[in-house]
Each structure stands twice: as C-alpha cells, then as structure tokens.
Amino acid sequence: MFGDLFEEEYSTVSNNQYGKGKKLKTKALEPPAPREFTNLSGIRNQGGTCYLNSLLQTLHFTPEFREALFSLGPEELGLFEDKDKPDAKVRIIPLQLQRLFAQLLLLDQEAASTTDLTDSFGWTSNEEMRQHDVQELNRILFSALETSLVGTSGHDLINRLYHGTIVNQIVCKECKNVSERQEDFLDLTVAVKNVSGLEDALWNMYVEEEVFDCDNLYHCGTCDRLVKAAKEEKSKPDVNLKDLQSEEEIDHPLIILKAILLEENNLIPVDQLGQKLLKKIGISWNKKYRKQHGPLRKFLQLHSQIFLLSSDESTVRLLKNSSLQAESDFQRNDQQIFKMLPPESPGLNNSISCPHWFDINDSKVQPIREKDIEQQFQGKESAYMLFYRKSQLQRPPEARANPRYGVPCHLLNEMDAANIELQTKRAECDSANNTFELHLHLGPQYHFFNGALHPVVSQTESVWDLTFDKRKTLGDLRQSIFQLLEFWEGDMILSVAKLVPAGLHIYQSLGGDELTLCETEIADGEDIFVWNGVEVGGVHIQTGIDCEPLLLNVLHLDTSRDGEKCCQVIESPHVFPANAEVGTVLTALAIPAGVIFINSAGCPGGEGWTAIPKEDMRKTFREQGLRNGSSILIQDSHDDNSLLTKEEKWVTSMNEIDWLHVKNLCQLESEEKQVKISATVNTMVFDIRIKAIKELKLMKELADNSCLRPIDRNGKLLCPVPDSYTLKEAELKMGSSLGLCLGKAPSSSQLFLFFAMGSDVQPGTEMEIIVEETISVRDCLKLMLKKSGLQDSFIGDAWHLRKMDWCYEAGEPLCEEDATLKELLICSGDTLLLIEGQLPPLGFLKVPIWWYQLQGPSGHWESHQDQTNCTSSWGRVWRATSSQGASGNEPAQVSLLYLGDIEISEDATLAELKSQAMTLPPFLEFGVPFPAHLRAWTVERKRPGRLLRTDRQPLREYKLGRRIEICLEPLQKGENLGPQDVLLRTQVRIPGERTYTPALDLVWNVAQGGTAGSLRQRVADFYCLPVEKIEIAKYFPEKFEWLPISSWNQQITKRKKKKKQDYLQGAPYYLKDGDTIGVKNLLIDDDDDFSTIRDDTGKEKQKQRALGRRKSQEALHEQSSYILSSAETPARPRAPETSLSIHVGSFR
C-alpha cells in the first residue's frame, strides 16, 4: 500500500503503439497527467529525492510558511530573467520555492518537478541520485533561506515561525534560588528507544525533573555549599508545534489546558492557569466553560487521570502518563501522511466533504484510513520526523477553499497560462493518440497477376492515405470513403489486406458497421482494400490466410537447344497459393515427372534438402512447412547428373553448392594451370587439395608435401590452411582463389610468419618462415637473420624485431627477448620486421630530435608534406607549406630539420632532455643560450603535435611511448606555461589582400572557463582593440577552412534545459596548443570571408585528388576479374593513406 520507499519513477510506452507487423509509430511526448480524484499534487522523484519531497510537501502544507514566502515580491527577490546579469541580485532559491508552491496549489498536473529548485541549490545528478537525512536537509534549507532573505522583509521568516528556546533550570531546595541557561533551537531531538510513545519521550526529555542528592549534590552559589537541587529542561512558549485540528478540538477545554501547562513548564498556580486561559482564547473560564463544566478547580479534580493538584489545591501539573491528543503530521522516509479539512485543502476545488488523511508518496497522492496509519507505525517502523502546528492558529475566512489566496499576481498569471497550455496540449495529444492512418487500396485500380493483386498504373495512384478517428464506427469510415470516391457505384466492401512478397493479398472483410474501429482491431497503418467483395478486373479473388500467395525459389537444370540437360542451374521465382498441392510445381514448369526436394528458408540447423515421397505430393505447400523465400529443387527421375553431393549428408542449400579456383603454384609443369573444384562449406581442405592434385594431373607424391594457401585480391599468398579445417572453419568464401604450393602446412603448435628487413616494406616482398610458437624472440631473430643471409650480423645485438601494424608500418619493438612468441600474442600470418640498431636498455628512450622554426610570415600547415634531402651532412628536412603567404602567392614554409638521436632515461626531466639535445653537433650552429629558451613539441605525422610544458616533469609522466620524436622550437626568452595555459598562433588579416600578418604567440588562460567570450576578450586585449570590433576564427589546415568563433553561440542541454556557452576545447573547435587563430579588425575590414587564395588552391587540389582516387578505384575494379584469373598476379599499389585522428577535449 505504501509502495517501495526507494522506487524510481520511469515513463512507460504502451504496447498499443505497435501495429500488426505493419510499422513502428513513435509516441509523441505526452503532457503531464492531470490531478487525480484527491485534487492534490505530488512531487516527482529525481531518483533519490524522496526525502526532499517529504520536506517540501510538509512546508507547503504549512500555511504560515507558504504565505509568508508568497508575501515577498519581485522588488525584494528579483526576477528570473535577470539572474544572468552580473550586477543583479536575484534570490533564486526563494523564487524557485515560490514557483514550486504555486504549482502544487494551482497547476493541474499529477506531480510537480523539483529540477529547477535543485538546480538553484547547485546540485548535480550525483546529489539527486543519493539518499540523505531529512533532518539535515531541513536545517540546511532553513539556513539557505535565511541567507537568501537577508536584507528583505522576510529576513526573520525562519526565526519567527520555527525558533524556540530551551531553558535549563536548577532550583536549590534550600534557598529556592533558580539558576537558568537558555539554548535556541529549530527542532527538538528526542530519544524514543525503550519508551511507549512520543508523550513519554517528551516527558523524559523536557518535563521530568532530575534530582541532585546523596552523592550527587549541587553547589549553590547563594548558599555557598553543596545542597539538594532539582534540574529541569523547559520550553518557552515560542515553540510552534504544528497540528491541523477541527474547531471542536480547539474549543475543548481539556486540550487548551494541557497546551497551557506544556507551554508554562508544566507546573503553575491554579489562579495563573485561569489568567493564561483568558490571555490565550480571549475569554474567561467562567464565561465560556463554567456553565457546562463547572468551576475550574472542580474540572481539574474530575480529570485527575490527567491533572495533579497539590494538597492545598493551589498549584496544578500534568501527570507523566497523560495523553497528548494532538494530531500529527507523520513523515516516514519518503512518505507524508496529512489530515486535511475541506477549508484547508489547497487543491483546485473543494471536492472533499469531511476531514481525511492522505498518503503522499512522491507523485502519488491517495486517501488512507486511520487504522492503516496506526498499523504502519505500531511495530518496528517509527515516524522519523514529526511536524506540529498550533491548534489555535486560525485561517482568515477568505483563505478557506481558496487555493489562490496569498499567491502573488505574477505567479497567478503564470499558472493560469500554464493550465491553458496544458489543456491545449492534452487536447492535441488526445487527438493524436486517437487517430491513425489507413492505406486505402482501390479495387478498380488493381488487377490480378501472377497469383496476387498488383496496381494497374503505379502504387502512388492506386493507394490513398486517410487519417481517421479510431473512436468512430466502421459505418462512419464507410460513409467517409463513399464521400471521397464520388465515382463509386454498387456495393462497397472493406477488407483487411497485406503486402506480401508476391503482391497484395486480401485476408478478411470487415463487418459490423456499429462497431468502433478499436473494436474491429484495425491497427495504425493498416492496408484496407476497397472493392465489391467478389472480383477484381473480372477475376474471382480468393481471400483468407489459407490461400495466401507464397513466393518460392524453384531450382532445376537448364535445357540446351537440342533438348539435352546441361549442368547450369536455373533459379526462378514462382507464386503458388498456400493451399495448392505441391505437385502443381511440375505442372507449372511443364515437367511430366520428377523428384521434388524442399528446403524451408531459415530452417534452424540446416538439415538440408528433403525429397517428397509420391504419397505426399498431394499435400499443400503450407502442410509441407513452406513459406515465402523457401526453395524447391526439381530433378528428373532418370537424370544421372544429380545436383546433390554423393556424401551421406545433404547440402544445406543450393546457394552453398559452389566452386573454388585452385592454381598450380608448385613450379611443376602441368597441362592445366588452374582448375575449378566443387565444394560446400562442410568440405574438408584435405579433400579439396587431393582433388586438385588429381585434376591438375600432378604427381601423387605431392599429397604428402603440399598445402593450399589463399590468394588475396592483390595476388599475395596468405598463410597456409590446415588440412583438418572445413571451408567454414577456415573462413574461406565460395569463389575464392587458392594456390597449391610445395611444403607442408604448419601444425597446431607452429606459426607461419612473414618477415622483412627494414621498415619500408612493399606488399608481396616479404619472406616466410615456420617456427614453433614456444620459440623465444631472440631465437626467432637468429633464424630470420640466418634465412636472410645475415647470420653474422647478430653479433653485438645489431638487430631487433618489431611487429608490423595494420597500416604497414613498424610498430612497437619486441623488447622481451626471452619471452616466447605465444606469450607476446604473435599469431600465424603476422609480419615481423628486422630493424637495424640496438634497442635501448629497459627504462631508456631513443629519441630523434628535430629543429622546428617558423620561416616566413605565417605558419599554416598543409595536409601533405614533401620529404627532401638536406644539403647538410647531419640531417634531413621535412617541409610543410603554409596556407598563406606574406605577399603575393608565395607561401611561407615551416621546416623540421633532423638533428640526431639521443638516448635518455624515462625518469629524466624535460629540461634534461633539452640540455642533452643541445650537445648534438648541429645544435652549435643555432646559438641557443639556455635550455629554457627552447619549447618542446612531440612530432605527429611529420609536424608539431602536443606541446610539452613543465620542464621539471619526468618524461615518464608524459606517456610518450617508445616511438616518440621531439622537435625543439627556439624562443626569444624563457617561458613558464601553466597547466591552464593554451598557446595559440594569432595572425591579423590584411584588408583587401586575402593574406595575414606574421604569426604571434598568444597565451590564453582557461582557468576561468575556456569560452568563446573569454578568448575574444584575450585577443582584443592582446591587439589593443575593442572586443566588439573584432572577429576571430580557427583554421583547419587539413580542410583549408576557417571556423568563426562567436561569443553568442549557445546550446541547450537535453536534461536541464539550461543555456551554456560553447567551450572551445570541445566540439566543434577542439582548440589546442599550436592552433592558428585568424583575427579580423572590423574597424578597417568588414569582409565576412577569412579564407586566402592559398585555401582556394588547396581545396581545388583536394577535389582533384579525390577524383583521381575514384577513377583509380574504378579502373582496379574493372581489372579485378583479370587479376583473379591470372596465375601470376602483380601486387596492387597501395592507396594513399589518410590521417586518423580522435578529438579529445582538454582535461588540464
């Protein structure tokens, strides 16, 4: 009944959205549901906010709190639309709380959302998905409200409503001196363990005296000695205990007197009790109660089970076990139980005629009986937090049955507009959910052909789409179609049809004009055939699922011109009614007699073809289990050329009866260079090899010393295939080419490897070797060097092995020379490269060093580079052409000049790497004074990549890898870039010339947010220009394009509906170190274009290269048949490689 305390709420999608196999129609986003019969609104759970919902509902049902909050207007709290203004003081939390309370009061929806409120708290999804303590939240929320309301008329709202004071009193038994100490509180914590109820807990904590005597005497300051004393904790009367009660309970003297005694610290003279009563209710005891209940002392004596009079009847106090009959607002974890009176119900109208309890569980609000409440809290379960309200608090008459009371005008207008919008959306949603689309197929525009109905002209002209209300009747639909088809004459029958592979087929006619379309079970998108119910185009039409047309694939041997059977298989589609006999296939193909084999499409397990006995020829296609797409094989009874194999198993499908091409590559003369071997996916490789040797008429001795190797489309021989594999296990496709080669295939414990010398390897030039998978890297290297004729070169470890990666480049070295190939996950078919040079010791890096310096006025990189030889004896140069020139059309250049290699420990710092690089002989020509005057970059695709900052950081922490290359850029002075600094190359556009000034380095700090506005302000300050008079753009050299950066770009998040600025280190800019930023001064240049003449030329070259690649691919495709049929296939040239990049945002 109370639901799962931690159950999250998820939206559901009805299964009724799915048609009868027709199509999937997505359901439009529905507006929130209206309030249920209780007329109260719940609060949606964000995942773990049940405790928050409980507290908010409790505060909402406290009129004094709600209306005090409503009394604060926009002139004090501010406006929502001003919250993003820097100088505006907008108090978001009180504003959001006001709006939430207004929604709970006035908005016609089942549950309100707290997303905006928690956003104002600064919460993320982590806080919203976690359970927290409601008492802690209460204190934090009150503190936040107090802080938010400072300087407004509501600054004392919390203190005024919820503040209380505890007075600790110690009374000396000798001199009656009273020592007091006061403590403020907003809530009281009581111990409920081992007590019978809340009354006992309150009595023990705040009523019962603690006596100091015997060994625990009290030192009285007045008596100046140890004396007996009594200690009490008493509550002052400003405690607001919240309780909703009826007028009868408020007028009952028993309730009022007990409340006075509790507020007055429990012990009071009887005369003062009468005075307190007069002050509390505004009328004396004698005038209000004496006539009915007698004198006050007599009333106290009659209720001796509650009140205890002293012996002289001068003072009175409450007994310990007296019952406090105050109604409570129970709160248990994520539920609240409220007792509501009709005048106090803050719903949209007064629909409840008597006081009633309600169980509020997040979104759901349901009535609950008192006995269920008692049962809920009588066992181990206990209410965790209790809220009370003074019973004598009166609501003004105009507030009763008026949920709009006290709500500010701007919120009233907002809720009224929201309710109108909700009503409109619900009406639109109701209309959308109760209408569907029907496809009307008009009978006069169809004809019966090849076993099914087909349009005479076109599908477009024969089918009409009709949107109709499914709550209307079939008669209404028929009448609407009559009005649409003015040319129709005679009877009109509506039938459900369905498009099958053979065409359109009619299944059943619709009857019962008084039935609604929902009752006829017509689905959305249903095909309706409109006809006379008998014939179409003069042909009588059979209807129903029994005669559904089946499109079957019929296979049989072709007949030559002279009437003889040939080996070519003919596969043709034919349509047959599902209730027709199987034997009609022979009649349709004009075959007098034959054997029929069937194989249902998609048959699990693929048992194969099954012959139909003669006695089953009269069975229907459906009885034989055939359906659309099934295959039928027909053979003459006396045909010796059976299409099925002679093995015990039938083949799975005719499509799998195919051939493999086997070429003679044994360097032995043969009459045949290539043979075609028939096979299935289950044929063994051994059987294919033996059959190929026989048909090639080669020596039988090859059976023990040969193997089959696949040939790829470039003509390269791949790894041999073991004889024990089937074609399916070897992953060989039908029609593949195999080479019959000398030598045995590797065993299961051996590896067949390709290897080559150097890193510049052309496909087809690799050598081959078979080794054991347990061989070590060291021994494998020796064998490969020996086979290469370099067995003496292993002395001094002058060579090492690297594995070729997927793009035919040298990968990571095999450093663990004692490890086996199996341990390093080397597999058959892998290519290993013999690389000259000794590997650096473990923990050291061998780093090539390049010199990087901008030459010319700009520094853009093209998407391709030319490697040339340098005239110096110590290096080579990589040049990258920029996209702009300083003047004219000549581009500036950026060069990478090779200086040499250094060997350095991974634990060395970046500064030590720079110092060691400065010892290289070519470095002396550059005159760099200190390592601090060098900027280090990684080299990626022959150009500067990642900027390495922090000279004192060890190289290991950069995670450079073992193939790292470093380029060093000279600086005029030292720099110290922080982790939040981004180094950019900025260039100012020259008006009217489509060129740029030389690049200048700009350091942009993104610590305060890497937004477009921040970058624009930094660029404006750097060039001393007004920020509104500049435009900036990032250059993408690989595309020759500029992407403008505007500070007004905004995007909307899906969940929070918040506006936020673009962060340039993410999509679509991915701004990083070294990027080029173009700057345009709008004071002298108002052109929108950022591009240069060089960009236009580069784009044109890219188009020409793409066109050339396309033509090359087409030419290669035309030659593919020749390549496959040629015994000696030349290697296919490799296509030009394109760079692979992954954009990752900055995490610094």
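Trainee: Which residues does Phe101 touch, not counting residues up to four places away in sequence?

Mentor: Phe101 touches Leu56, Leu59, His60, Phe65, Arg66, Leu69 and Phe70, where contact means heavy atoms within 4.5 Å. Keep in mind that this is a predicted model: local features need pLDDT of at least 70, side-chain atom pairs count only at pLDDT 80 or more, and totals for chains, interfaces and linings use all residues. Residues are numbered from 1 along each chain as its sequence is written, and side-chain values use heavy atoms, with hydrogens and water left out.

Trainee: OK, and how do H4 and H7 pack?

Mentor: Helix H4 (residues 92-106) and helix H7 (residues 134-148) pack at about 115 degrees, with axes 8 Å apart. Helices here are DSSP runs (H or I, at least four residues), and strands are E runs of at least two, numbered from the N terminus. Axes are lines fitted to C-alpha atoms over the stretch in contact, with angles from 0 to 180 degrees between N-to-C directions.

Trainee: Which residues meet there?

Mentor: Ile93, Pro94 and Leu97 in H4 meet Ala144, Leu145 and Ser148 in H7.

Trainee: New topic: is Lys1034 buried or exposed?

Mentor: Lys1034 is buried, at 3% relative accessible area; buried means under 20%, exposed over 50%, partly exposed in between (1.4 Å probe, protein chains only). Lys1034 sits in strand S49 (residues 1030-1036).

Trainee: What about its contacts, then?

Mentor: Leaving aside neighbours within four places in sequence, Lys1034 is in contact with residues including Trp1042, Tyr1069 and Asp1075.
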